[in-house]
Amino acid sequence: MELDDDKLLRRFLGEKKQEIADNGFSKRVIRNLPDHKRNWVQILNIITMLICFALFFSLGGLKALENTLREVFISVLDYGAANLDPKALIIAAVVLIILGTRKVCSLA
Amino acid sequence: MSQLNDISLVAQVVVLKNTKAFDQLVQKYQSPIRRFFLNQTCGDSELSDDLAQETFIKAYTSIASFKNLSSFSTWLYRIAYNVFYDYIRSRKETSDLDTREIDAINCTEQVNIGQKMDIYKSLKTLKEVERTCITLFYMEDVSIDKIAGIVGIPVGTVKSHLSRGKEKLSTYLKQNGYDGIR
């Protein structure tokens, strides 16, 4: 009796088992994955960055940057040479030595 | 071989976040998982697809936790069962009904689907956990041990659900003139 019921159910449910066609289901799942949306944001970021780089080089950004850096460097050198304070340099050196010693001690 | 292939695809998803590899897993398992939900909801295809989609998204977000202790399909069924269980719980919170009424609600009967009607009608005679055990065991050929892992209950309890479900379903089938010869 038990065996008959077993066979009956296996036959009935086996007959009713059907393969379900995908019909765009997997595409829908992939579209809704959290990373899939994040990927699009990353791609958009990269495209925007590339456009910025292209504009920067094509509009002479490199030359402008070079000139600005040169001017800043020259003015810093001029100012440093005129207002060099040996006391400040000594204090900075002492502080650096103390910090370095502490770091070495903590590592040991 | 199939299991090795699954592991290789899972590894690609975990390490490289390869959505194409995950797409292959979805294509491979969409049919059994959607069928599982169709049986649980007694033929509500729209709800089944929504729950199946939720299952695959949960599988994707927690794929790193797949430890290969069971097969990928068992792991996926476990997620699917939890998704369905959460769905039932959310329905219970909105209405204070007993299990039989909940089962009746979940079985959103579909009209005009011909032969399929018989199976969903017959599955309606079972409690939700009996339905899970019966369909996994008889339709998907999942072993009792694996069903216990999927549903999260002891093997003995699975056997009791199978026995009760089998009795109810075979009685229903015999009463409705199904003898298995047709």
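Student: What share of the contacts in chain B with a separation of 6 or more joins residues 24 or more positions apart?

Tutor: Such residues account for 62% of those contacts, two residues being in contact if their C-beta atoms, placed from the backbone, lie within 7 Å. The structure is a predicted model, in which local features need pLDDT of at least 70 and side-chain atom pairs count only at pLDDT 80 or more, while totals for chains, interfaces and linings use all residues. Residues are numbered from 1 along each chain as its sequence is written, and chains are lettered from A and ligands numbered from 1 in the order in which they are written.

Student: What elements make up chain A and chain B?

Tutor: Chain A has 5 helices and 0 strands, and chain B has 9 helices and 0 strands. Both kinds of element are DSSP runs numbered from the N terminus: helices are H or I with at least four residues, strands E with at least two.

Student: Why is V151(B) called buried?

Tutor: A residue is buried if 20 or more other C-beta atoms lie within 10 Å of its own, exposed if 12 or fewer, and partly exposed in between, with C-beta atoms placed from the backbone. V151(B) has 20 other C-beta atoms within 10 Å and is therefore buried. Buried residues make up 37% of the 182 residues in chain B and 6% of the 108 residues in chain A.

Student: Where is V151(B) found, and which residues does V151(B) contact beyond its neighbours within four places in sequence?

Tutor: V151(B) belongs to helix α8 (residues 144-151) of chain B. Beyond those neighbours, V151(B) is in contact with Y81(B), V129(B), T132(B), C133(B) and V158(B). The C-alpha atoms of V151(B) and C133(B) are separated by 8.3 Å, although the two residues are 18 apart along the chain.

Student: Why are α7(B) and α8(B) called oblique to each other?

Tutor: Helix α7 (residues 128-139) of chain B packs against α8(B) at an angle of about 140°, with the axes 10 Å apart. Axes are lines fitted to C-alpha atoms, for helices over the stretch in contact, and angles run from 0 to 180 degrees between N-to-C directions. Angles under 35 degrees count as roughly parallel, over 145 as roughly antiparallel, 65 to 115 as roughly perpendicular and the rest as oblique. The pair α7(B) and α8(B) is therefore oblique.

Student: Which residues make the contact of α7(B) with α8(B)?

Tutor: V129(B), T132(B), C133(B), L136(B) and F137(B) of α7(B) meet I144(B), I147(B), I150(B) and V151(B) of α8(B). This contact has 8 nonpolar, 1 polar and no charged residues. Ala, Val, Leu, Ile, Met, Phe, Trp, Tyr, Cys and Pro count as nonpolar, Asp, Glu, Lys and Arg as charged, and the others, Gly among them, as polar.

Student: What makes α7(B) roughly perpendicular to α9(B)?

Tutor: The axes of α7(B) and helix α9 (residues 155-175) of chain B come within 8 Å and cross at roughly 90°. That angle makes α7(B) roughly perpendicular to α9(B). The residues of this contact divide into 7 nonpolar, 2 polar and 3 charged.

Student: How many residues does each chain bring to the contact between chain A and chain B?

Tutor: Chain A brings 23 residues and chain B brings 25 residues. On the side of chain A that touches chain B, the largest share, 9 residues, comes from α1(A). The residues of that side divide into 10 nonpolar, 3 polar and 10 charged.
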